[in-house]
Amino acid sequence: MALPVVAIVGATGAVGVELLECLEQRDFPLSELRLLASPRSAGKTMTFKGKEITVQALDENSFAGVDIALFSAGGSISKVYGPIAVKAGAVVVDNSSAFRQDPAVPLVVPEVNPEAVKGHKGIIANPNCSTIIALVPLWPLHAKNRITRFIAATYQAASGAGAAAMEELREGTRAYLEGKPFTPTVLPHPYAFNLFSHNAKVDPANGYNEEEMKMVKETWKIFGDADIRISATCVRVPVLRAHSEALTVEFERPITPAEVKDILATAPGVRIVDDWEKNYFPMPVDASGQGDILVGRVRQDISDPSGRSIQLFVAGDQLLKGAALNAVQIAELL
């Protein structure tokens, strides 16, 4: 069987760079790699397996002969060029929110619902980063003892808003330390030594922002269980990359921290970091640059006398498992 031709759309962005590295590090089998981006990035070169590849401007003819197209250029680009890529014969793995809630499009976390890939009609959606980071450790628990409710509080890094937001955090921090004025242009509030509610649009009907509702609706779709009660509060924190989340999880039956750790000890994509004696738990600095979701602070929820609730703290690299790595794992399933 011939090796596939792979294209990365949005190759010069924060996730695009990680997609390139993931393909190389995982030795993804391919016969040709095309790097596609906006006209202003065309002509730049990027290195893959020691060879320089020139970035091409994305247009309607970019997908001739492409088998797999990894999209990470925003929802508006995906909506326009995703169907064009499919028509040209490619399978699209899309990292934006454009198709996630489309009933005809599988929403896939390979550790959770790999079988959903089989139902694709040309497009497969990569879930939101916060959703992935929560669900990789929650799924093996749910499979043993159904989750009936969970409450999430997220601590989201600048990487979730792209390379420009990461640079704004660096520049804003430098200005703050030097006592110089700084006006943010990428995010709506000062980022250095500050945190603020996630900058997604707030629904005036319920007060939840789009990021929070993504966690709710995407969990229902991926788990295939719309009866799980979910609430989230999503917050941007001054961290460069890797999101963290505090999760309070209620199960159908009583469960102990020891049982949780026993289940997660062998769960794919999960690493337990839970040293009570040294007060060492998941941190973005440890989660960054690797693919596992770190899980710790595993303890009984003392506010629930029924024994059915557990509290966890998790951290995962938003650019890797929260985006690029998950997309490449989906491509591997293909």
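Reply: Of the 334 residues of the protein, 51% count as buried, where buried means under 20% relative accessible area, exposed over 50%, and partly exposed in between, with a 1.4 Å probe and protein chains only. The model is a predicted one, in which local features need pLDDT of at least 70 and side-chain atom pairs count only at pLDDT 80 or more, while totals for chains, interfaces and linings use all residues. Residues are numbered from 1 along each chain as its sequence is written, and side-chain values use heavy atoms, with hydrogens and water left out.

Lysine 49 has a phi near 55°, a positive value in a residue other than glycine. Its place is the loop that joins strand E3 (45-48) to strand E4 (51-54); strands (E, at least two residues) and helices (H or I, at least four) are DSSP runs numbered from the N terminus. Because its relative accessibility is 40%, lysine 49 counts as partly exposed.

Arginine 297, also not a glycine, shows a positive phi of about 50°. This arginine 297 belongs to strand E14 (residues 293-300). With a relative accessibility of 34%, arginine 297 is therefore classed as partly exposed.

As for the setting, the protein contains 8 helices and 15 strands. Its radius of gyration is 20 Å, close to the 20 Å from the globule rule for 334 residues, so the protein is as compact as a globular protein of that length; the radius is taken over C-alpha atoms, and the rule is 2.2 Å times the number of residues to the power 0.38. Along the principal axes, the C-alpha atoms fill a box of roughly 60 × 55 × 45 Å.
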